[in-house]
Amino acid sequence: MNSGNKIGEVMRFPFQGSREAVQAKLWRIGGESGWYFLTGLWKFRGLIDGIFGGVGFRKGRPHPNRLEVGDPLDFWRVREVDEKSGRLLLEAEMKLPGKVLLEWNLDTDELRQTITFLPKNKWGKAYWYLVLPIHKLIFWGMGRAIAKG
């Protein structure tokens, strides 16, 4: 998806476990549970962020398996959470040339993961496309791992 100043990607992962197991795993993401795929790269990105004056990788979350709007989640912030519908929306708090949103929706039999980037300018777009190969790898692996439940 690329419409004007909005760049994004939707990934779909069929459930390999029950919907309940997938949701429970999703609600435990970050903190002690990690990011389920290449967590070391997430930590490295946090280190880089801290060097440039950002929040860094502030490991942790207020509760191990419950999320509320406004909760910090490593270097993300919970913006929307709805256990009934299975929707979770995070906003990155790291230093970036734009705004990143990471959203999950639990459909009937699949996990839909949406990454949205709202670049500030042409340098923001350049940044996004420069890191796209590694983002595709990380987000694909993470979504796949969550869908296993």
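Which residue takes a positive phi just after α3? Gly149 does, at about 75°. The legends below take this and other close-ups in turn.

This is a predicted model: local features need pLDDT of at least 70, side-chain atom pairs count only at pLDDT 80 or more, and totals for chains, interfaces and linings use all residues. Residues are numbered from 1 along each chain as its sequence is written, and side-chain values use heavy atoms, with hydrogens and water left out.

**View 1**
Helices here are DSSP runs of H or I with at least four residues, strands are runs of E with at least two, and both are numbered from the N terminus. Helix α3 covers residues 122-147. At its start, a side-chain oxygen of Asn121 comes to within 2.9 Å of the backbone nitrogen of Trp123. This is a polar contact: a pair of N or O atoms within 3.5 Å, where, within protein, one must be able to donate a hydrogen and the other to accept it, and residues adjacent in sequence count only if both atoms are side-chain atoms. Further along, α3 bends by about 55° at Leu132. A bend is the angle between axes fitted to the seven residues ending at a position and the seven starting there. Just after the helix sits Gly149, with its positive phi.

Which residues make the nonpolar surface patch? They are Leu38, Leu41, Phe44, Leu47, Ile51, Phe52, Ile134 and Leu137, and the patch spans about 770 Å². Two elements give two or more residues each: α2 (39-51) and α3 (122-147). Helix α2 gives the most, with four. Patch members have over 30% relative accessible area and no salt bridge; like charges are joined within 9 Å, and nonpolar side chains (Val, Leu, Ile, Met, Phe, Trp, Tyr) within 5 Å. Areas come from the Shrake-Rupley method with a 1.4 Å probe, and for residues only the protein chains shown count as cover. Look at Leu47, in helix α2. Leu47 counts as exposed because its relative accessibility is 52%. Buried means under 20% relative accessible area, exposed means over 50%, and partly exposed lies in between (1.4 Å probe, protein chains only).

**View 1. Two positive phi angles in one loop.**
Most residues other than glycine have a negative phi. Tyr36 is not a glycine, yet its phi is positive, at about 70°. Tyr36 lies in the loop between α1 (19-27) and α2. Leu38 lies in the loop between α1 and α2 too. Its phi is also positive, at about 50°, and Leu38 is not a glycine either. Tyr36 is partly exposed, with a relative accessible area of 21%. Leu38 is partly exposed as well, at 36%.

**View 2. Strand β7 and its partners.**
Is strand β7 (residues 110-119) mostly covered or mostly open? Mostly covered: eight of its 10 residues are buried. Strand β2 (residues 6-14) runs antiparallel to β7, joined by eight bridges. Here Phe13 has Leu111 of β7 as its bridge partner. Strand β6 (residues 98-106) also pairs with β7 in the antiparallel sense, over nine bridges. Leu101 stands opposite Thr116 in β7. A hairpin of three residues joins β6 to β7. Two strands pair if DSSP finds at least two bridges between them.

**View 3. Salt bridges.**
How many salt bridges does a search of the whole structure find? Nine. Each is a side-chain nitrogen of Lys or Arg within 4 Å of a carboxyl oxygen of Asp or Glu. Glu91 and Arg79 meet in one of them (2.9 Å, N to O). Glu91 is in strand β5 (residues 87-92) and Arg79 in strand β4 (residues 76-82), so the pair ties together parts that are 12 residues apart in sequence. Glu91 is buried, at 18%, whereas Arg79 is partly exposed, at 35%. Arg87 pairs with Glu80, with the closest N and O atoms 2.0 Å apart. Asp107 and Arg112 meet at 3.1 Å, N to O. A network of salt bridges links Arg12, Asp107, Glu110 and Arg112.
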